[in-house]
Amino acid sequence: MRDLLEVGLTGGIGSGKSLVVDYFARLGAATINFDLVAREVIARGSEGFDRVLARFGDEILTGGEINRAALAALIFDDRAARADLESIIHPLVRAAYADFCSVQAPHTIVVAEIPLLVESTYDYTFDRVITISADLAIRKERLAARGMSAAQIEARITAQGTDPEREARADFVIHNNGDIDSLLRNVEQIFAALVELNSGKN
Ligand code: ADP
């Protein structure tokens with residue numbers, strides 16, 4: 001798309017995605033968060049909002065907005081409901097991502113943060129995939145320091161894939177068991193490799 005280098009970035013909760021994506025942006029990448037986009041495309045007033053309501057009913061509303069936890073509970077055990085929801089949200093996310101790409105300068109390096117890149121049935125076609133791995137104990141400690149309860153952390157981690165599953169899909173693995181300085185150095189190395197790839201591509 002417009003000669004961009006499109007990179008998907010994933011990692012489990014607490015692996016350091018936000019930090020890494022922010023740093024890629026500082027290095028010059030155009031960044032986008034698919035979780036935020038997925039929220040925006042079903043926000044009240046959008047076409048997605050109307051379609052989700054038509055399928056799942058008013059009981060998923062709280063304070064006039066779609067209650068994402070209620071929606072998640074509805075599809076948790078129901079494959080047909082999950083497929084219906086994905087068939088509403090995925091095309092809208094795809095369109096929003098295409099819009100985002102269409103306004104970037106040619107040869108921009110795009111980094112898309114996608115927490116569930118490996119778990120999703122969405123057909124992602126990135127030029128490269130990066131994943132961030134970190135020991136579970138370290139991730140739990142960082143999330144607890146961020147104010148999450150042990151139960152919340154456990155629930156999120158068990159609902160996600162594992163580091164080896166993400167690594168199997170990735171071209172670059174960032175190991176984030178150390179300090180922030182070594183994390184950022186690792187990001188700098190990968191960004192340099194992406195710049196190199198990008199110049200070979202053009
Ligand atoms: P994610 O977006 O993958 O859930 P975050 O980037 O929010 O992860 O990181 C989780 C927490 O751990 C944040 O508070 C972040 O500042 C902290 N963190 C991430 N990497 C490190 C590190 N190498 N050293 C110390 N704290 C870190």
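Me: Why is V173 called partly exposed?
Reply: Its relative accessible area is 27%. Buried means under 20%, exposed over 50%, and partly exposed in between, with a 1.4 Å probe and protein chains only. The value for V173 falls between the cut-offs, so the residue is partly exposed.

Me: What kind of model is this, and how are residues numbered?
Reply: The model is predicted: local features need pLDDT of at least 70, side-chain atom pairs count only at pLDDT 80 or more, and totals for chains, interfaces and linings use all residues. Residues are numbered from 1 along each chain as its sequence is written, and side-chain values use heavy atoms, with hydrogens and water left out.

Me: Where does V173 sit, and how far is its C-alpha from that of G11?
Reply: V173 belongs to strand β7. Helices (H or I, at least four residues) and strands (E, at least two) are DSSP runs, numbered from the N terminus. V173 and G11 are 162 residues apart along the chain, and their C-alpha atoms are separated by 9.4 Å.

Me: What makes N176 buried?
Reply: Its relative accessibility is 4%. That is under the cut-off for buried, so N176 counts as buried. N176 lies in the loop between β7 (172–175) and α9 (180–201).

Me: How do you know that N176 and S15 make a polar contact?
Reply: A polar atom of the N176 side chain lies 2.8 Å from the backbone oxygen of S15. A polar contact is a pair of N or O atoms within 3.5 Å; within protein, one must be able to donate a hydrogen and the other to accept it, and residues adjacent in sequence count only if both atoms are side-chain atoms.

Me: Which residues come nearest to the ligand?
Reply: N176 again, together with G14, K17, S18 and R146, out of 14 residues around the ligand. A residue is near a molecule if one of its heavy atoms lies within 4 Å of it. Helix α1 (residues 17–27) gives the largest share of this shell, three residues.

Me: How do the shell residues divide by type?
Reply: Three are nonpolar, seven polar and four charged. Ala, Val, Leu, Ile, Met, Phe, Trp, Tyr, Cys and Pro count as nonpolar, Asp, Glu, Lys and Arg as charged, and the others, Gly among them, as polar.

Me: Why are F56 and V37 called buried?
Reply: F56 has 7% relative accessibility, under the cut-off, so F56 is buried. V37 also has 7%, so V37 is buried. F56 is in helix α3 (residues 47–56), and V37 is in helix α2 (residues 34–40). C-alpha to C-alpha, F56 is 9.6 Å from D84, and V37 is 8.2 Å from Y97.

Me: What makes D163 buried?
Reply: A relative accessible area of 14%, which is under the cut-off, so D163 is buried. D163 lies in helix α8 (residues 163–169). Its C-alpha is 33 Å from that of A105, 58 residues away in sequence.

Me: Why does H107 count as partly exposed?
Reply: Its relative accessibility is 36%, between the cut-offs, so H107 is partly exposed. H107 lies in the loop between α5 (79–102) and β5 (109–113). Its phi is positive, about 70 degrees, although H107 is not a glycine.
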